[in-house]
Amino acid sequence: LGSLLGLIVAHTLLNLPLVIMVMGVAIRSFDPRIEQVAWSLGASWRYTVWKVMLPNLAPSVFAAWIFAFIGSFDEVIVTSFIAGKYDTVPKKMFNELVLEVNPTITAVTTLLIGHTILALAAVTLILTRAGKPKPTIV
């Protein structure tokens, strides 16, 4: 309690199931023949991991990272109990909103919403250029 290591361990334990779920599906769907072809062509284990496996698993690694980040960002209560003197952005926002509505908090929230909108616009642009249909919001 009250240590940075404890805070990291708590957030890791809370978000590890999400990461395992996403990466488990990605690894199960990975074709092992690609590895075998690389090895049969003389690639070392390290080269195969770096140049064959990681590029194929990169989208899933990124998705797992996003899920872990959002899950960690959302855990204000755990952070409040474990962090002690360490202030994270969500904990600081929560503590400021308990006392009064601060203009700084609304500015940070606006920036977060703006980044989300820009990320969604970038994904839509990438999908449109790739020739895939635009994602629809249900």
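**Exercise 1. The span of helix H6**

How far apart should the ends of helix H6 be at 1.5 Å a residue, and what distance separates its end C-alpha atoms?

Solution. The model under study is predicted.
- Step 1: Helix H6 covers residues 103–129, that is, 27 residues.
- Step 2: The expected span is 1.5 Å times one less than the number of residues, which gives 39 Å for helix H6.
- Step 3: The end C-alpha atoms of H6 are 39 Å apart, so expectation and model agree.
- Step 4: Just after H6 comes Gly131, whose phi is positive, at about 85°.

**Exercise 2. The chain as a whole**

Determine which secondary structure elements build the protein chain, and compare its radius of gyration with that of a compact globule.

Solution. 
- Step 1: The protein chain contains 6 helices and 0 strands. Its pattern along the sequence is therefore written α-α-α-α-α-α.
- Step 2: For 138 residues, a compact globule would have a radius of gyration near 14 Å, whereas the protein chain has 20 Å.
- Step 3: The C-alpha trace extends over about 65 × 40 × 25 Å along its principal axes.
- Step 4: Of the 138 residues, 19% count as buried.
- Step 5: The accessible surface amounts to about 10500 Å², and carbon and sulfur atoms contribute 73% of that area.
- Step 6: Among contacts with a separation of 6 or more, 55% join residues 24 or more positions apart.

**Exercise 3. Charged side chains**

State how many positive and negative side chains the protein chain has, and how far apart the centres of the two sets lie.

Solution. 
- Step 1: There are 10 positive side chains and 7 negative ones.
- Step 2: A distance of 13 Å separates the centres of the two sets.

**Exercise 4. A histidine in helix H1**

Is His11 buried or exposed, and which residues does His11 touch beyond four places in sequence?

Solution. 
- Step 1: His11 is located in helix H1, residues 4–29.
- Step 2: Its relative accessible area is 11%, and therefore His11 is buried.
- Step 3: Residues up to four places away are not counted; His11 then touches Ser72, Glu75 and Thr79.
- Step 4: Val52 lies 41 residues from His11 in sequence, and their C-alpha atoms are 30 Å apart in space.

Methods:
Residues are numbered from 1 along each chain as its sequence is written. This is a predicted model: local features need pLDDT of at least 70, side-chain atom pairs count only at pLDDT 80 or more; totals for chains, interfaces and linings use all residues. Side-chain values use heavy atoms; hydrogens and water are left out. Helices (H or I, at least four residues) and strands (E, at least two) are DSSP runs, numbered from the N terminus. The radius of gyration is taken over C-alpha atoms; the globule rule is 2.2 Å times the number of residues to the power 0.38. Buried means under 20% relative accessible area, exposed over 50%, partly exposed in between (1.4 Å probe, protein chains only). Contact means heavy atoms within 4.5 Å. Accessible areas come from the Shrake-Rupley method with a 1.4 Å probe; for residues, only the protein chains shown count as cover. Lys and Arg count as positive and Asp and Glu as negative; His and the chain ends are not counted. The place of a charge is taken as NZ of Lys, CZ of Arg, CG of Asp or CD of Glu.
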